[in-house]
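Here is a short briefing for a reader new to this structure. Look over the sequence and the model, then read on by topic.

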Amino acid sequence: MAEEIEANGGSAEAGKVDALNETEIDSYLQKVVADNGKLDMVFNGIGSYYKDAGSGTPTTIATFEQFLNPLQRICGSQFLTSRVAARHMIQSGSEGTILLFTASVSRTKTPNMAGFASACAAIEGLTRVMAAEFGQHGIKAICICSGALMETGKIRGMISDFSKLAGISREEMAKSYTKFNMLKSGPTLQQLGETAAFLVSENGVIFNSHVVDVDCGKLNLL
């Protein structure tokens, strides 16, 4: 990805960081601040393999470990990267943006998603708490709540597996992901990226503590 950005005239640097290891996160962000003098924004797009998270498994069958997996891996990682970033923003006077990421299942009535839905809802709550805490330092905390990104390998894999379990075609299963969308389409990776770029820009300053839905409008969203 970094090579592709640079090949198109941009500037990028890739680094390997364990997003569940606070020491590694802190070391990497120290380097970012040392190289640039400040930290403008942090975005954590961590996910979880759906079987590890118990997604698609009835709540009466899913194990306690499956329930906790997305809470620890997804919400826990968002907590770690966000708070470490906030420390560096406060120390360097960056007045930056903490951009969190969650899925629309946080507020839809979707069965067999106990752990993942709980983690997604927790991230929205975490966003509001951090916005209230860090706002005094000029730091924004915003959450992007995305619908299914159909072009990603993770969603394509889930569609394939779930269609086999349900005994229906991939096409039928794919339609179930967008059947509640008002526009009968879903968001793309490019649209998600452009939304993120806007939210962390000067024009996005009016957003803080908000959960921004990127889902083309859902009829079943609370």
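Arg 83 and Glu 22 form a salt bridge through their side chains, with N and O 3.0 Å apart. Arg 83 sits in helix α3 (residues 64-92) and Glu 22 in helix α2, so this pair ties together parts 61 residues apart in sequence. The model is a predicted one. A search of the whole structure finds seven salt bridges.

- Side chains of opposite charge can pair when their charged atoms come close.
- Glu 22 also forms a salt bridge with Arg 87, where the closest N and O atoms are 3.1 Å apart.
- How accessible is Glu 22, in relative terms? Its relative accessibility is 22%, so Glu 22 counts as partly exposed.
- Arg 83 counts as partly exposed because its relative accessibility is 29%.
- Arg 87 has a relative accessibility of 37%, so Arg 87 is partly exposed as well.

- The side chains of Lys 31 and Glu 13 meet in a salt bridge, at 2.9 Å from N to O.
- Lys 31 lies in helix α2 (residues 22-36), while Glu 13 lies in the loop between α1 (2-7) and α2, so the pair ties together parts that are 18 residues apart in sequence.
- Lys 31 has 39% relative accessibility and therefore counts as partly exposed.

**The length and ends of α2**

- Helix α2 has 15 residues, which at 1.5 Å a residue should span 21 Å.
- The end C-alpha atoms of α2 are 21 Å apart, which agrees.
- Asn 21 caps the N-terminal end of α2.
- A side-chain oxygen of Asn 21 lies 3.0 Å from the backbone nitrogen of Thr 23.
- Just after α2 comes Gly 37, with a positive phi of about 85°.

- Ile 25, Leu 29 and Val 33 are buried in α2.
- Why do the buried residues of α2 line one face of the helix? Seen down the axis of α2, they fall within an arc of 65°, so they line one face.
- An α-helix has 3.6 residues a turn, so residues three or four places apart point the same way.
- The buried residues of α2 pack against α3.
- Thr 23, Ala 34 and Asp 35 are exposed, on the other side of α2.

**Aromatic pairs**

- How many aromatic pairs does the structure hold? It holds two.
- The rings of Phe 198 and Phe 207 have centres 6.2 Å apart and planes at 75°, so the pair is edge-to-face.
- Phe 198 counts as partly exposed, because its relative accessibility is 36%.
- Phe 207 has a relative accessible area of 23%, so Phe 207 is partly exposed.

Note on methods:
Residues numbered from 1 in each chain as written. Predicted model: local features only at pLDDT ≥ 70, side-chain atom pairs only at ≥ 80, totals over all residues. Heavy atoms only, no water. Salt bridge = Lys/Arg side-chain N within 4 Å of Asp/Glu carboxyl O. Helix = DSSP H or I, 4+ residues; strand = E, 2+ residues; numbered from the N terminus. Buried < 20%, exposed > 50% of the residue type's maximum accessible area, 1.4 Å probe, protein only. Expected span 1.5 Å × (residues − 1). Arc of directions from axis to C-beta. Contact = heavy atoms within 4.5 Å. Polar contact = N/O pair within 3.5 Å; in protein donor to acceptor, adjacent residues only side chain to side chain. Phe/Tyr/Trp six-rings, centres within 6.5 Å; stacked < 30°, edge-to-face > 60°.
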